[in-house]
Structure formats: structure tokens, C-alpha cells
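This briefing sets out how the secondary-structure elements of one chain are arranged. Please consult the sequence and the structure shown here before reading on.

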Amino acid sequence: MANEKNQQTLGSLKDSLQGVETFYVVDYQGLTAGQLTQLRKDIREKGGQLIVAKNTLINLALQDGGRDFTDALKGPSALVLAQEDPAGVAKALSDAAGSNDRGIPAIKGGFVEGNKVDVAVVQRLASLGSKTTLQAELVGVLSAHLSNFVGILEAYREKLEGEGSSESA
């Protein structure tokens, strides 16, 4: 019979993974307790969650959802769930890795919106920036185009008014 604590942890992992379409598998070994606490806080601010558990339990929980990450679950591993902002969570991981000379946490693999991806895809996702940043950029681009469009309509209206007044004279 399996250890009761492991059974509880497995059940908790399965519950946490319920409905999650994006997560990353990372190596966190070498982070101090303070760095790990700060990483958890940064990830939480982006709508994510960092879960440290035994590889066997992570693997069982993932396989229960039909996702096989046996190849990535070597050495100390943590699961980083990204419920709200996958790019923001990836950026938080990338920033944390860049803040130390060993590049930890190191991304081992990921699952983005239902598809297994390699480290390069996660790194590209991290370079995009957060969802909020991307939305702000989109609003800026749209408002500039709308402003130009309003200017064109205004000029056309003035032209039509000018033609109408010259015809009545």
C-alpha cells in the first residue's frame, strides 16, 4: 500500500492540475530558501503557482491527465502552473534565472495551451512579456490607427462641406 502522505500529495497535485492548460517543469536545485520564496511570490503575482513534489508524484499526476513528462522529470523538479498569464509566468521564471549566475530555475519543458513544448518555446514565450503589457501595446496601436482614421474622416467632411458651399454660391 502506498504511503498516505504520498497519496494526499498526489490527490492535491491532481486537483491543482485540474483545468490547467499551461505549466512548466523546472529545476530549482541551488536556490536558497529566500530565492525560492521570492520566486513563489513573483509567480503568484502573475497568476501562477509553484509546486515542489517528488518526481514520481508529479509524473503520476501528469500521466493521469494524459501528459507524459518522464524525460523532463530527472533530478529535483518543480511544477509551475500558469492559470492566467502563461507568458508572464514564463517571464518571471526567466527573470529569476537571469538574476543568478547559475541560471536557476532552469526550465526543463512545458505544456502550453494543451501542447507539449520544448525549452526554446518557453524561452520565446518569456520574451513576449506579460499579458497586461501585450494588451497595453495592442490598445496603443489600435488607438493610433483610430486617431488617424478620425483625422481622415474629419478632413473628408471638411472637403465635402467646402464643395457644398462653393456649389450654392
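At what angle do H2 and helix H4 pack, and how far apart are their axes? In this predicted model, H2 and helix H4 (residues 86-98) pack at an angle of about 155°, and their axes are 8 Å apart. An angle over 145 degrees counts as roughly antiparallel, and H2 and H4 are therefore roughly antiparallel to each other.

- The model contains an open sheet of 5 strands, arranged in the order S2-S3-S1-S4-S5 with antiparallel pairing.
- Strand S2 (48-52) and strand S5 (115-117) are the edge strands, each of which pairs on one side only.
- From one strand to the next, the twist averages 20°.
- Strand S1 (residues 23-27) is paired with strand S3 (residues 78-82) in the antiparallel sense over 4 bridges.
- Within this pairing, Val25 has Leu79 in S3 as its bridge partner.

**Helices on the sheet**

- Helix H2 (residues 33-45) packs on the sheet and touches S2 and S3; the direction of H2 makes about 145° with that of S2.
- Helix H5 (residues 119-128) lies across S1, strand S4 (106-112) and S5. Relative to S4, H5 runs at about 85°.

**The H2 and H4 pair**

- H2 and H4 cross in a right-handed sense.
- On the H2 side, the contact involves Leu39, Asp42 and Ile43; these residues meet Val89, Ala92, Leu93 and Ala96 in H4.
- Classified by residue type, the contact of H2 with H4 comprises 6 nonpolar, no polar and 1 charged residues.

**The H4 and H5 pair**

- H4 and H5 pack at an angle of about 100°, with their axes 7 Å apart.
- This angle makes H4 roughly perpendicular to H5.
- From H4, the residues in contact are Pro86, Ala87, Ala90, Lys91 and Ser94; from H5 they are Val122, Leu125, Ala126 and Leu128.
- The contact of H4 with H5 has 7 nonpolar, 1 polar and 1 charged residues by class.

**The H1 and H3 pair**

- Helix H1 (residues 4-17) packs with helix H3 (residues 55-64) at an angle of about 45°, and their axes are 9 Å apart.
- At that angle, H1 is oblique to H3.
- The crossing of H1 and H3 is right-handed.
- H1 contributes Asn6, Thr9, Leu10, Leu13, Lys14 and Leu17 to the contact, while H3 contributes Leu57, Ile58, Leu60, Ala61, Leu62 and Asp64.
- By class, the contact of H1 with H3 consists of 8 nonpolar, 2 polar and 2 charged residues.

**Salt bridges**

- Side chains of opposite charge can pair when their charged atoms come close.
- The structure holds 5 salt bridges.
- Why are Glu45 and Lys41 separated by about one helical turn? Glu45 and Lys41 are 4 residues apart in helix H2, which means that about one helical turn separates them.

Note on methods:
Residues are numbered from 1 along each chain as its sequence is written. This is a predicted model: local features need pLDDT of at least 70, side-chain atom pairs count only at pLDDT 80 or more; totals for chains, interfaces and linings use all residues. Side-chain values use heavy atoms; hydrogens and water are left out. Two strands pair if DSSP finds at least two bridges between them. Helices (H or I, at least four residues) and strands (E, at least two) are DSSP runs, numbered from the N terminus. Axes are lines fitted to C-alpha atoms, for helices over the stretch in contact, and angles run from 0 to 180 degrees between N-to-C directions. Contact means heavy atoms within 4.5 Å. Angles under 35 degrees count as roughly parallel, over 145 as roughly antiparallel, 65 to 115 as roughly perpendicular and the rest as oblique. A crossing is left-handed if the near helix is turned anticlockwise from the far one by less than a right angle, and right-handed if clockwise. Ala, Val, Leu, Ile, Met, Phe, Trp, Tyr, Cys and Pro count as nonpolar, Asp, Glu, Lys and Arg as charged, and the others, Gly among them, as polar. A salt bridge is a side-chain nitrogen of Lys or Arg within 4 Å of a carboxyl oxygen of Asp or Glu.
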